[in-house]
Amino acid sequence: MIDRPTPSPSDTSLHLAGRLIPGGHALDVRVYYEDTDFSGIVYHANYLRFMERGRSDYMRLLGVVQGELFAQAAEEAPGFHFVVRAMQIDFLKPARIDDVLQIVTLSKDVAGASITLLQQVKRGDELLVSATVRVAFVSEGRAKRIPDSLRQATLADAREAEALGEIRR
């Protein structure tokens, strides 16, 4: 069992952030009219928004409160931010209005200045979208080492996901 940091007990909205699963995170989202195109199918760019929510809530449940991380990192790495460095995405099947989707985010690899995540959008057991996302930690226009608390949490999940066979290298 992985010892995970505990999010702030004052955050009463954690139930909205999905749940931690072995190797990562799962977030349920409903498809609304605004997420679809004229035919009632999810517009392709909206999957990126769903996956961003999954990544953000994964970090939140790992105890990486973004506001606190920003304050801590601002001292160590002025002007820092996370950027999506690379993304490979496969659209396999469409989602439609009123579908309930599960956004699964698994840690795949943790390097010095980047984290590679595997993200999936599922409807039940059906895989709709699969993406590999590399997120980099940048300060003053240059890659910087990821803060240790975030590194350790995501590294532990990457090892767990690999051990469970969730990640294929």
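**Strand S6 and its partners**

Strand S3 (residues 80-91) pairs with S6 in the antiparallel sense, over 11 bridges. The model is a predicted one. Within this pairing, Val83 has Ala136 of S6 as its bridge partner.

S6 also pairs with S5, again antiparallel, over 10 bridges. Here Ser114 stands opposite Ala136 in S6.

S5 and S6 form a hairpin, with two residues between them. Gly124 sits in the turn and has a positive phi of about 65°. S6 then pairs with strand S7 (residues 142-143), antiparallel, over two bridges. Ser139 has Arg142 in S7 as its bridge partner. This hairpin too has two residues between the strands, and Glu140 takes a positive phi near 50°.

Ser130 belongs to strand S6 (residues 126-139). Its relative accessibility is 19%, so Ser130 counts as buried, the cut-off being under 20%. Ser130 touches Gln88, Ile89, Asp90, Leu118 and Gln119, leaving aside residues up to four places away in sequence. Ser114 lies in strand S5 (residues 114-123). Ser114 is buried as well, with a relative accessible area of 13%. Beyond residues up to four places away in sequence, Ser114 touches Asp109, Arg134, Val135, Ala136 and Ile146.

Last, the helix. Arg60 lies in H1 (residues 44-61). Arg60 is partly exposed, at 30% relative accessible area. Its C-alpha atom is separated by 7.5 Å from that of Ala17, 43 residues apart along the chain.

Definitions and conventions: Residues are numbered from 1 along each chain as its sequence is written. This is a predicted model: local features need pLDDT of at least 70, side-chain atom pairs count only at pLDDT 80 or more; totals for chains, interfaces and linings use all residues. Side-chain values use heavy atoms; hydrogens and water are left out. Helices (H or I, at least four residues) and strands (E, at least two) are DSSP runs, numbered from the N terminus. Buried means under 20% relative accessible area, exposed over 50%, partly exposed in between (1.4 Å probe, protein chains only). Contact means heavy atoms within 4.5 Å. Two strands pair if DSSP finds at least two bridges between them.
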